[in-house]
Amino acid sequence: MSLQVDGLRVRYRTLRGDVHALDGVTFEVADGEIMGLVGESGCGKTTLAKSLIRLDGRMQYVDGVVELDGVKLPIDDQHAMNRFRFTQISFVPQYAMSALNPIRKIGKMIAELLESRGFDYKSIQPELERRLDLVGLPRDVLRRYPIELSGGMKQRTVVVVSTLLDPSLLVADEATSALDVSNQKAVAETLVEFRDRRFVRSVIVVTHDISLGYQIADTIMVMYAGKQAEKAPAEVIVNSPRHPYTQALMSSLPEVGVRYEDRRLAGIPGSPPPLLNPPSGCRFRDRCPLAFDQCAEEPPFVEIATGHSVACWKAA
Ligand SMILES: Nc1ncnc2c1ncn2[C@@H]1O[C@H](COP(=O)(O)OP(=O)(O)O)[C@@H](O)[C@H]1O
Ligand code: SF4
Ligand SMILES: [Mg+2]
């Protein structure tokens, strides 16, 4: 077992009150599993991804336990988390490379990163070069500035760097969203290849693009309004989903490269509820074609078949 998350709750403090961005999320990502994380904008994907690694200043940890390979992560203690970041758990944000120092050559940045963690760049460089070769990147990217790389090359470089120390878990948040289809494919293939070679043992891929998620993910977890709706093997989510929200997402499944987020859910009016004061009961209730009395109570997220969990009274 690689990652185990139990009852995770994270809020944002705002002047208007607390935003319940992640409201009790429980799941596992097994050794060797690539899990796609999907759901409409604002459902809590980025909050979940970040809370496993680095809470930003406005995020408030409320409750829950995160274990990686049986070790409890101190996610509410950002200083203590330093010991795990990059060595055991790595994060690739959407615009990873644009956030980096434009006047540092890439090789120098990597050297600084490694040295800040007590590793010797020179002894790791041969493996770094081998991995660049493997993903079809020229070794001289190390002598270039970020601006000299295309978006696709940058994201592949970031994946190579973030997995350089063979972490247990890589979390990629929309790592391919800003890229064109062929570059998306190259980054996605890099993730799969690195998992196959065990440079990283498990991967969480946050994506707007279910078709892309389906191509690379073993399992898909669907979120709705800060909660889990469904998690199952990717082909079950795509071909025989049980949660009405997943069914609505799948019936509007677009071609590869098109973001479902930009589309309205087919046949389902309305939008997700606000997370400032989330409604009680099932959060999909006011949009759900199957809603009935019991939905005023919150449905538990339960396993209905091996590896298939759903939070819906009608699916249990
Ligand atoms: N810094 C913040 N302050 C207040 N609310 C936030 C902040 N960041 C995100 N949120 C809210 O938290 C919820 C989840 O957001 P997020 O995790 O970014 O969703 P996603 O990545 O699925 O689009 C949304 O309601 C969003 O408006
Ligand atoms: S619990 Fe009720 S409202 Fe929620 S998805 Fe299921 S049927 Fe719809
Ligand atoms: Mg996001």
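The model is a predicted one, in which local features need pLDDT of at least 70, side-chain atom pairs count only at pLDDT 80 or more, and totals for chains, interfaces and linings use all residues. Residues are numbered from 1 along each chain as its sequence is written, chains are lettered from A and ligands numbered from 1 in the order in which they are written, and side-chain values use heavy atoms, with hydrogens and water left out.

I begin with the chain as a whole. The protein chain has nine helices and 12 strands; helices (H or I, at least four residues) and strands (E, at least two) are DSSP runs, numbered from the N terminus. The radius of gyration is 20 Å, close to the 20 Å that the globule rule gives for 316 residues, so the chain is as compact as a globular protein of that length. That radius is taken over C-alpha atoms, and the globule rule is 2.2 Å times the number of residues to the power 0.38. Along its principal axes the C-alpha trace spans about 65 × 40 × 40 Å.

Of the 316 residues, 52% are buried, where buried means under 20% relative accessible area, exposed over 50%, and partly exposed in between (1.4 Å probe, protein chains only). The accessible surface comes to about 14000 Å², and 50% of that belongs to carbon and sulfur atoms; these areas come from the Shrake-Rupley method with a 1.4 Å probe, and for residues only the protein chains shown count as cover. Among contacts with a separation of 6 or more, 65% are between residues 24 or more positions apart, contact meaning heavy atoms within 4.5 Å.

Let us turn to the strands. Strand E1 (residues 3–14) and strand E2 (residues 17–29) pair in the antiparallel sense over nine bridges; two strands pair if DSSP finds at least two bridges between them. A hairpin of two residues joins E1 to E2, and Val5 has Phe27 in E2 as its bridge partner.

Which strands run parallel to E8? E3 is joined to E8 by four bridges, and E7 is joined to E8 by five bridges. Gly36 has Val205 in E8 as its bridge partner, while Asp173 stands opposite Val206 in E8. Five of the five residues of E8 are buried, so this strand is largely enclosed by the rest of the structure. In a regular strand the side chains alternate between the two faces of the sheet. In E8, Ser202, Ile204 and Val206 are buried on one side and Val203 and Val205 on the other.

Next, the helices. Helix H6 (residues 181–196) has 16 residues, which at 1.5 Å a residue should span 22 Å, and its end C-alpha atoms are 22 Å apart, in agreement. The expected span is 1.5 Å times one less than the number of residues. The buried residues of H6 include Ala186, Val187, Leu191 and Phe194. What covers the buried residues of H6 includes strands E3, E7 and E8 and helices H4, H5 and H7. After H6 comes Arg198, with a positive phi near 60°.

In helix H3 (residues 106–116), the buried residues are Ile106, Gly107, Met109, Ile110, Ala111 and Leu114, and their cover includes H4 and H5. Gly118, which follows H3, has a positive phi near 80°. Gln125 is found in helix H4. Is Gln125 buried or exposed? Gln125 counts as buried because its relative accessibility is 18%. Gln125 and Gly107 are 18 residues apart in sequence and 9.1 Å apart in space, C-alpha to C-alpha.

Two loop residues also have positive phi. Asp69, in the loop between E4 and E5, has a phi near 50° and is partly exposed at 32% relative accessibility. Glu174, in the loop between E7 and H6, has a phi of about 55° and is buried, with a relative accessible area of 5%.

Finally, the cores. In soluble globular proteins, nonpolar side chains tend to be buried together. A nonpolar core is a set of buried Ala, Val, Leu, Ile, Met, Phe, Trp, Tyr and Cys residues joined through side-chain atoms within 4.5 Å. The largest core has 62 residues, of which Ile110, Leu114, Leu128, Leu142 and Val222 touch the most other members. A second, separate core of 32 residues includes Leu52, Ile53, Leu169 and Val206.
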